[in-house]
Amino acid sequence: MSIFGKFLKGIVHDRNPTDDTVKVKGKEKPKFYGTVPPYPNFNASSDASVLQSAIDSKDVDEDVIIAVLVKRNNEQRQKIKMVYEASTGQRLEEDLKSVLRSHLEDVSLALLMPPAHFDAYLLRKATKGLGTDEDVLVEIFATRTHQEIQEIKRVFQEEYGKDLKEVIEDETSGDFTKALLAMMDGKKDEDHEVDIDLARKDAETLFEAGENTEGIDVSTFIDILTTRSGPQLSKTFQQYAAVSDLTLPKALKLELSGDIEDCLIDIVKCAWNTPAFFAEKLHLAMKGHGTCEDTLIRVLVSRSEVDLKKIVEEYRAMYDFSLQEDILKDTRGHYEQILLGLCGPY
């Protein structure tokens, strides 16, 4: 059953309407739904020394390396890297490369990148060489904030000497390019207030641009879906049911095809329930024969300090198995251990 089928049956809920903020010293801050919080009593010098011993031991101590990496948040890992290089004269990434192998190496190096650098790396990998990984492009642009996208663009230029917008224009085409560039432009409303009248008007506009005309006005769909906030779009989808016999995803599937269909449907999924969107990606990565390691690593690392706790909850609700159980079935050894560490206790 697709994510939308589960949504309509009440398995996947709309965006959580409860308050997602908490007061800290009198100021409201977002609640933490990650699985890797800051490590208490953190000591960068001690951790750097422990990692050095684990790397230099006759039999590399992967257990120690994993224990440090998955129990420190990204900011703490950056401090460990600086202390390690200052004390050893070597870069921690290079030393880990020399002793780790395969997917364990990939996760470990991903954990050592600042978030914007990891995203820039993923976008470069998705657009370099033959073919383009369209799913990765949409995933990143649809789920990062305006500020995060601006930082990704800056890092991409700095790291790879290329303008990200130009790369997207070179590697994609047509309406799909327009949608990606619209998401990159950062015009998406990030206010969580919902305007019911606007939702009703947008629903009618989408109906007129799609089902109620010959062909489809893709530009209208791109404009609305890339500029409204998640909560606002969620209300628009509910209003759409009042003007159409179809859900918006079904209408998109009937009217569109190819990359632009997948792109707009992914935007709809993210607006409805971002953790469920990622839970579905993880499930598909492990479904059937073989495992898409790139997806497992990308999602678990990038969401570990954002909403991985919610993703784990949605996964169990959607598939009647825990994410950790499926990881245990599909992976092995120290690679399995580091993925489970990122998922948190279960």
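A search of the whole structure finds 19 salt bridges, where a salt bridge is a side-chain nitrogen of Lys or Arg within 4 Å of a carboxyl oxygen of Asp or Glu. This is a predicted model, in which local features need pLDDT of at least 70, side-chain atom pairs count only at pLDDT 80 or more, and totals for chains, interfaces and linings use all residues. Residues are numbered from 1 along each chain as its sequence is written, and side-chain values use heavy atoms, with hydrogens and water left out.

I'll take a few of the salt bridges. Arg-144 and Asp-119 meet through their side chains at 2.8 Å, N to O. That pair links distant parts of the chain, 25 residues apart: Arg-144 is in the loop between α8 (134-143) and α9 (146-160), and Asp-119 is in helix α7 (residues 115-127). Helices here are DSSP runs of H or I, at least four residues, and strands are runs of E, at least two, numbered from the N terminus. Both Arg-144 and Asp-119 are buried; buried means under 20% relative accessible area, exposed over 50%, and partly exposed in between, with a 1.4 Å probe and protein chains only.

Next, Arg-154 bridges to Glu-151, with the closest N and O atoms 2.6 Å apart. The two are separated by about one helical turn, because they sit three residues apart in helix α9. Arg-154 is partly exposed at 41%, and Glu-151 is partly exposed at 32%. Elsewhere, salt bridges that share partners join Lys-81, Arg-91, Glu-93, Glu-94 and Lys-97 into one network. Within it, Arg-91 and Glu-93 have their closest N and O atoms 3.2 Å apart. Arg-91 is partly exposed at 38% relative accessibility, while Glu-93 is buried at 13%.

Now a charge without a bridge. Glu-314, in helix α18 (residues 308-319), is buried yet has no salt bridge, and the nearest side chain of opposite charge, Lys-310, is 7.7 Å away. What does the side chain of Glu-314 join in a polar contact? The partner is the side chain of Asn-273, at 3.1 Å; a polar contact is a pair of N or O atoms within 3.5 Å, and within protein one must be able to donate a hydrogen and the other to accept it, with residues adjacent in sequence counted only if both atoms are side-chain atoms.

Last, backbone angles. Asn-41 is not a glycine, yet has a positive phi of about 55°. Asn-41 lies in the loop between β2 (27-30) and α2 (44-56) and is exposed, at 77% relative accessibility.

Note on methods:
Lys and Arg count as positive and Asp and Glu as negative; His and the chain ends are not counted.
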